[in-house]
Every structure is written in structure tokens, then in C-alpha cells.
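The following note is intended for a colleague who is meeting this structure for the first time. Its points are numbered so that each may be checked separately against the coordinates.

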Amino acid sequence: MLLHIGFDDTDSPSGGCTTYIAARLVDALSGLGARFVDYPNLLRLNPNVPWKTRGNGAVCLRVEIDKSREEDALRSVLNLVESYADFDCDNTNPGVVFLEGVVPTGLIEFSERVVKTVVSLDDALKLADEHEASAIGFKNMRGIIGGLAAVGGLQRGDHTYEFLSYRLPGNWGTPRRVDLDSVVRMDEATGGSTFNNVDPETGRVLIAPNGPDPVLYGIRGEDPSAVREAGLMVDSEPLERWVVFRTNQGTDAHLGSHVTASSLRPFSPAILEGLVSSPPRTIQGGHVFVGLTDETGRVDCAAYEPTGPFREIVRRLIPGDRVRAYGGVRGEASSERPTFNLEKLEVLGLARDLRKVNPKCPECGGSMESMGRGKGFRCRRCGLRGPKMEKATEELVRQIGTGLFMPPPRAQRHLSKPEVRYGKEKSGPLRLEPEAPWHWP
Ligand code: ATP
């Protein structure tokens, strides 16, 4: 029988990681004779939901397994969730979903909604019921939403891969030992087929997280063998295990199609198009805001301090520039002017930067000063008076061109498509069966 096992919300800021449970389950299910029909799927969900611990990731394992081992498989999943989920954390509400057979269209659509919008637990429970999926929730059961979305997230369109390695349990919570030079060498050797290993501006290594979770490092890339080879090039403390996941990271799957300013929804990603309507302003902390207006209303677009040089691009906009803004709404969009957090920006057309300036002296070319409102100008150098002279118009050279602009890799969201992936999007028929070796041990 074909069995899909989706789960989510097992970790907390003080430890754990849903992908680690998946990695342990690969072992457990293989021991039960299961054959994986796809790489373990890591599905990143709407990055704007307020309940996420970190990257709003959920996982689904898809296996062919003998009907007689189904009960054992279900028990292993629940045992692992119960042993590794951090039940003491208020915000940890695990959910596990089992579905037999072909994934129905209703679940595929639900999954897309969970990536792009906010859905209710009621919706998830009803849908699970309708499609005869077993949904098991712990505490407030919110994890069922992510678990069901992972089951429906077949990722038949664009997708990427991530090699995730895990630490020996005795090392959890201690500083990670990853040889930075080996990461730079790996990045140079695999550039093009892997992405976001090193932040080019700061040289910061991006593959290793900082928290107490079991992940040692993760390498993202275009195909399973590329990320595996890259993963094995890194020198580090001993690994407990590693797994290659198939994922929607780096695909912009959350952004959907273009919406209008008035139809922005709370906590939801979106693409907006319109005209810059107010000059950019920088507030305390270095965050930059700029007004954007379309035919239905206005939003304030924000580029926060961690986005570094991206803010400089936003600062160079002027009213009248035509832009396409990619990002999401922070918090409730109920205020008159919702804040739209920028993930990237496409400058489609530049306005002319025309400024009124004092005229140049027609005699000596010196700069002139006003003699008072409506009283003309006087040359500072030769004293020539021009009582009828008016301000001249000067056009400033724009310090920005049209094109796509993104924050540096260190400030990109898991789902944001990095510039290096443009043109590499995958579509069409997929060979899903994982190619060995895709996990260890
Ligand atoms: P990690 O990345 O380490 O797995 P996380 O950042 O994924 O952690 P979770 O602890 O899984 O965060 O919490 C996210 C919670 O929000 C889950 O319970 C999930 O079911 C729920 N959730 C995710 N996306 C949505 C959505 N679009 N609408 C409603 N609930 C959602």
C-alpha cells in the first residue's frame, strides 16, 4: 500500500526539529521494509504566520509498505513524535496525518492555501475527514494543519533539494564545529548547483543554524546528487545521520499571483504592483519605509535593517517609479495603511528626477541667489541681476536602474527564490523515486 505520513509542529525554540524526526523515521520505516517513493518532502509553509517557531517547515514521507506492517509504521511515527516533540513548550502542538493511496486534488489545493494564506484547524480537520486521512493532534492540535499540507504538497512544479546533517545527541546545545574553510571550498566547487552557502557581502557561512536543535548544517541545491556531494565535502564534528530532502525552498511558492493593495490579507504573502507614492524614509534602527500606491489604495513597504544593502536600493526610489513588490503583510492588515515587508523588488520603470534649482548666470556661468520671492536672481560672482529670472529645472541622474533587487542571502526567507535560481525552475514530469545514496546510515 502507498502511505503518506505528514507531520509538523514538534519543535520549540529550546530544541528539536521536525526534519530530525523525519530522518529518524527513514531508519525506522526502512527497518519495516518500506520503500520510499519520493525523497522525504520538506514543505515550507506561509512564512508570515505568527505561530511558527522558525522556518514554518512541515514534512511528509511517502512509502510503499506491506499492509501487514501499517500498524507498526503508525506506531513508530507516533513514538518518535512523542519522544522528540517538546511538549512543555506552549507553542508546540504536534500533528500527524496518515493518508493511504493517491493524494486527492482537494489536499493538493489545501496545501497551496497553507503555503500562501492562513487556514483554520477546522478546515484542516474537515478536509482530513472528507478524504479519509487519519489526523492525530496533540495539545491544541495546530500541527495537523502543517501535517496535512505536507501530505498534499506534492511539489510537482519547481522544487529544490536540501542535504541536512544531524549532530550526535551528546553535542546538542554546544557550539557547532563546522570548518569554515571547507564550506568556502565546497561553495566554490559546487556554485551553480548549490545556493546560499556563504553570504557574499559578509563572508558569513549560512549553512549552519545557531540554535540548540539537532541540525548540524544544511546545503540547498538543484539536484539530489549535487547537495549530497556538497554535504560530504564539509569538514565538521561527527555526524549522527544525514538525509536529502525534496523541498519548495528557493522557489517563491508562497508568492502566488499579483494582488491589489486593498485585497492584501493579514499574515499573507503577496505581489503588488504600483507607483512609489512618497519618498523613502529611514527610521530609528535603520529600517526603511516607502509608500506604494495602486488603483485601489496605498501600503507602506518596509525594508528592515537586516536586509543590509537592499535598503540602499529602496532609498534610491522616488515618487513616480513603477515597481513590483514581493513580500508579505506583517500582522493584521486592518490599519488604514498595512505594512508590507519586502522580500524583493522589481523596478519596472523610473520616473525622471526633476528638481527646481537656482539658475546659472547667463554672463559668467556663476551660481545665482534669489533676491526674494518673485524678485528674480542675482549672480553671486559678477553681481548680474535678473529680476525676471525664474528657477531652472535640472534633471538628476538616477542612481538606480530597472531590474530585480533582493536582500543578500543572509536575509532571505527559506521560500524566496534566490537570483541564482532564475532560469533554473523545474517543471514537467518528475522522477520521484530517490536515487541512492540519499540518506545515511
Ligand atoms: P520548524 O521550522 O523548526 O519545523 P516551524 O517554524 O515550522 O518550526 P512550527 O512549530 O511547526 O514552526 O509551528 C507552525 C504552526 O503553524 C504549525 O502548527 C502549523 O500547523 C501552523 N501553520 C503553518 N502554516 C499555517 C497556515 N498557513 N495557516 C494556519 N496555520 C499554519
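1. Helix H5 (residues 143–152) is mostly covered, with 10 of its 10 residues buried; buried means under 20% relative accessible area, exposed over 50%, and partly exposed in between (1.4 Å probe, protein chains only). Among the buried residues of H5 are Ile-144, Ile-145, Leu-148 and Val-151, as well as Gly-143 and Gly-152. Helices (H or I, at least four residues) and strands (E, at least two) are DSSP runs, numbered from the N terminus.

2. On the basis of the note: this is a predicted model, in which local features need pLDDT of at least 70 and side-chain atom pairs count only at pLDDT 80 or more, while totals for chains, interfaces and linings use all residues. Residues are numbered from 1 along each chain as its sequence is written, and side-chain values use heavy atoms, with hydrogens and water left out.

3. The chain contains 8 helices and 23 strands. Its C-alpha trace spans about 100 × 50 × 45 Å along the principal axes. Of its 441 residues, 51% are buried. The accessible surface of the chain is about 19,700 Å², and carbon and sulfur atoms account for 50% of that surface; such areas come from the Shrake-Rupley method with a 1.4 Å probe, and for residues only the protein chains shown count as cover.

4. Three domains are assigned: domain 1 (2–251 + 422–440), domain 2 (261–350 + 398–414) and domain 3 (353–396). The bounds come from an automatic or database domain assignment. Between the C-alpha centres of domain 1 and domain 2 the distance is 30 Å. In contact (heavy atoms within 4.5 Å) are 23 residues of domain 1 and 16 residues of domain 2. Among contacts in the chain between residues at least 6 apart in sequence, 72% join residues at least 24 apart.

5. How many salt bridges does the structure hold? There are 34, a salt bridge being a side-chain nitrogen of Lys or Arg within 4 Å of a carboxyl oxygen of Asp or Glu. One of them pairs the side chains of Glu-201 and Arg-410 at 2.7 Å, N to O. This pair links distant parts of the chain, 209 residues apart: Glu-201 is in the loop between strand S8 (194–195) and strand S9 (215–221), and Arg-410 in the loop between strand S22 (403–405) and strand S23 (439–440). Arg-410 counts as partly exposed because its relative accessibility is 22%.

6. Another salt bridge joins the side chains of Lys-426 and Glu-222 (2.8 Å, N to O). Here too distant parts of the chain are linked, since Lys-426 is in the loop between S22 and S23 and Glu-222 in the loop between S9 and helix H7 (224–232), 204 residues apart. Glu-222 has a relative accessibility of 9% and therefore counts as buried. Both residues belong to a network of salt bridges that also links Asp-158 and Arg-421.

7. Glu-346 and Arg-324 also form a salt bridge, their closest N and O atoms being 3.3 Å apart. Glu-346 is in strand S16 (residues 339–349) and Arg-324 in strand S15 (residues 322–329), 22 residues apart. Is Glu-346 buried or exposed? It is buried, because its relative accessible area is 19%, whereas Arg-324, at 24%, is partly exposed.

8. Leu-2 has its place in strand S1 (residues 2–8). Although Leu-2 and Gly-101 are 99 residues apart in sequence, their C-alpha atoms are 5.0 Å apart in space. Not counting residues up to four places away in sequence, Leu-2 touches Val-37, Val-63 and Leu-99, among others.

9. The peptide bond from Ala-436 to Pro-437 is cis, with omega near -10°. A cis peptide bond also joins Trp-440 and Pro-441, with omega about 0°.

10. Most residues other than glycine have a negative phi, and most peptide bonds are trans. Asp-9 has a positive phi, near 60°, and is buried, with a relative accessible area of 10%. Glu-132 has a phi near 55°, again positive; at 69% relative accessible area, Glu-132 is exposed.
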